[in-house]
Amino acid sequence: MDCWSPSLTADDEFEKLVIRMNPPRVTVDNASSRTATLIKVDSANKRGSLLEVVQVLNDMDLIIRRAYISSDGEWFMDVFHVTDQNGNKLHEDEVAERIQQSLGPRAKSFRSLRRSVGVQAADEHTTIELTGRDRPGLLSEVFAVLADLKCNVVAAEVWTHNSRMASVVYITDDETGLPISDPDRLAKIKQLLLYVLKGDRDKRSANTAVSVGGTNMQRRLHQMMYADRDYDTDYMDSSSTNDRSKPLVTVENIADKGYTVVNLRCPDRPKLLFDTVCTLTDMQYVVFHATVIAEGPEAYQEYYIRHMDGCPISSAAEQQRVILCLKAAIKRRTSEGIRLELCSDDRAGLLSDVTRIFRENGLSVTRAEVTTRGSQAVNTFYVIDASGNPVKSETIEAVRNEIGLTILHVKEDAYSKSPSQESGRFSFGSLFRSRSEKVLYNLGLMRSCS
């Protein structure tokens, strides 16, 4: 059941009126700091304002070095110290205009961004959402089904965390290039993808759906993984990690001020602030004040939050849940494995072929970003060895030789130096491949080798 009541429509209209009377002011200052551009945002406060601004900075691929946030009362005032990906200052006009558009009266209201409700075609593509248990070869199976059903993937993003997988995929009809809207065809796509997601080992429910509204793709992935409870400790990944690489999150109440204070420290990376603000917003908390410092290898974030009703967190169990959810939000985008970048002419079945080659060479995809720029496919994959061993250089070179040395590139400085396995030795990778091949065979997408 939707948590928003019909009366919220009137609230939305009131918010728009306030914004029209007090339009947001965005100033871009390149003089105050030698190392960063300062972006100052003043606006009438509304729910989701902080997330909307951070999302714009995230979409522009800006690096946030510092941030000072205050939205206590009816006004929203933020200062962000930002650079581009190369550490340079920004051009002023473009940034200010985009942020003003995001906060202006014509921007989509935060409350209009709904959760998935089945199958619906957008103006330019059909958007498919997938959640389920992660396993080696899963992405290969998904793209093989879509290719067999004459669906062209124009964009996709895949996250894995805690043995769970979430993906948002934009597809069009392979022949016409138009969105797919036929109900029977959509039902078949949904049915076959659900069969692939469930497999034979999913302890929790898999799901296929399509998002409604204009929700940002990465924001939607956070919502999907949060709804899938990837933060649940019963399913925590047992892989060992360096203690310094683990996020440290503390939550405590300040009784005399009526706030709950959340402190976070972890290795810095791009889009970290978006991930944490997105999670707090989805958990129905309001950020009143915040300080962010990310000028070295580590990032520090401090939030003063309350529930939407103005109350601080009231129980130790809720505090622990906030800690788990923030840690999960940080880890979802943490890149595990070797980064492979593919740039080639786009064609039907390209993703199916590439991910099949990964699977046949014992590689599992932990994260993927798929985009189409004109006639070019520009894709990024993070891959690990499906059996849990370090990825060997011989495996990567074999994959590159099969896909094409000029179109598939390794973006890491070096890969694993572990020796090659002897022929004839039992391999978990072979076992994983056989399971994946069984699924594809049952769907009629692979011929029997017997």
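Tutor: Rings of Phe, Tyr and Trp, the last by its six-membered ring, are paired if their centres lie within 6.5 Å. Please keep in mind throughout that the model is predicted. With that cut-off, Tyr-259, Phe-288 and Tyr-304 form one aromatic cluster.

Student: Which residue lies over the face of Tyr-259, and at what distance from the ring centre?

Tutor: A charge is taken to sit over a ring if NZ of Lys or CZ of Arg is within 6 Å of the ring centre and within 35 degrees of the ring normal. Arg-306 meets this for Tyr-259, at 4.0 Å from the ring centre, and Arg-306 also lies over the face of Phe-288, at 4.9 Å from that ring's centre.

Student: Where is His-307 found, and what does His-307 touch?

Tutor: His-307 belongs to strand 12, which covers residues 298–307. Leaving aside residues up to four places away in sequence, His-307 touches Gln-284, Tyr-285, Val-286, Pro-312, Ile-313 and Glu-318. Between His-307 and Tyr-259 there are 48 residues in sequence and 9.3 Å in space, taken from C-alpha to C-alpha.

Student: How many aromatic pairs does the count come to?

Tutor: The rule gives four aromatic pairs. One of them joins Phe-358 and Phe-381 in an edge-to-face arrangement, with 5.2 Å centre to centre and 80° between the planes. This pair links distant parts of the chain, since Phe-358 is in helix 9 (residues 350–360) and Phe-381 is in strand 15 (residues 376–385), 23 residues apart. Phe-358 counts as buried because its relative accessibility is 1%, and Phe-381 is buried with a relative accessible area of 0%.

Student: Let us turn to helices. How should I read the sides of a helix?

Tutor: An α-helix has 3.6 residues a turn, so residues three or four places apart point the same way. Helix 5 (residues 183–198) has 16 residues and reaches 22 Å from its first C-alpha to its last, close to the 22 Å expected at 1.5 Å a residue. Within helix 5, the buried residues include Leu-186, Ile-189, Leu-193, Val-196 and Leu-197. These five residues cover an arc of only 95° around the axis, which puts them on the same side of helix 5. On the other side of helix 5, Pro-183, Asp-184 and Gln-191 are exposed.

Student: Is helix 4 enclosed or open, and why?

Tutor: Helix 4 (residues 138–148) is largely enclosed by the rest of the structure, because nine of its 11 residues are buried. The buried residues of helix 4 are Leu-138, Leu-139, Ser-140, Glu-141, Val-142, Phe-143, Ala-144, Val-145 and Leu-146.

Student: Is Thr-131 buried or exposed, and what does Thr-131 touch?

Tutor: Thr-131, in strand 5 (residues 126–133), counts as buried because its relative accessibility is 7%, the cut-off being under 20%. Not counting residues up to four places away in sequence, Thr-131 touches Met-165, Ala-166, Leu-197, Ala-206, Asn-207 and Met-224; among these, Leu-197 is one of the buried residues of helix 5.

Student: What should I look for in the backbone angles?

Tutor: Most residues other than glycine have a negative phi, and most peptide bonds are trans. Against that background, Asp-61 has a phi near 60°, a positive value in a residue other than glycine, and Asp-61 sits in the loop between helix 2 (49–59) and strand 3 (63–70). Asn-162 likewise has a positive phi, near 55°, in the loop between strand 6 (151–161) and strand 7 (164–173). Asp-61 is partly exposed, with a relative accessible area of 36%, whereas Asn-162 is buried, with a relative accessible area of 4%.

Student: Which residues just after helix 4 and just after helix 5 take a positive phi?

Tutor: Just after helix 4, Lys-150 takes a positive phi of about 60°, and just after helix 5, Gly-199 takes a positive phi of about 55°.

Student: How many helices and strands does the protein have, and what share of its residues is buried?

Tutor: The secondary structure comes to 11 helices and 16 strands, and buried residues make up 49% of the 450 residues in the protein. Of the contacts with a separation of 6 or more, 72% are accounted for by residues 24 or more positions apart. The protein exposes about 22,100 Å², and carbon and sulfur atoms supply 49% of that area.

Notes: Residues are numbered from 1 along each chain as its sequence is written. This is a predicted model: local features need pLDDT of at least 70, side-chain atom pairs count only at pLDDT 80 or more; totals for chains, interfaces and linings use all residues. Side-chain values use heavy atoms; hydrogens and water are left out. Buried means under 20% relative accessible area, exposed over 50%, partly exposed in between (1.4 Å probe, protein chains only). Helices (H or I, at least four residues) and strands (E, at least two) are DSSP runs, numbered from the N terminus. The expected span of a helix is 1.5 Å times one less than its number of residues. The arc is that of the directions from the helix axis to the C-beta atoms. Contact means heavy atoms within 4.5 Å. Rings of Phe, Tyr and Trp (its six-membered ring) pair if their centres lie within 6.5 Å; planes under 30 degrees apart count as stacked, over 60 as edge-to-face and the rest as tilted. Accessible areas come from the Shrake-Rupley method with a 1.4 Å probe; for residues, only the protein chains shown count as cover.
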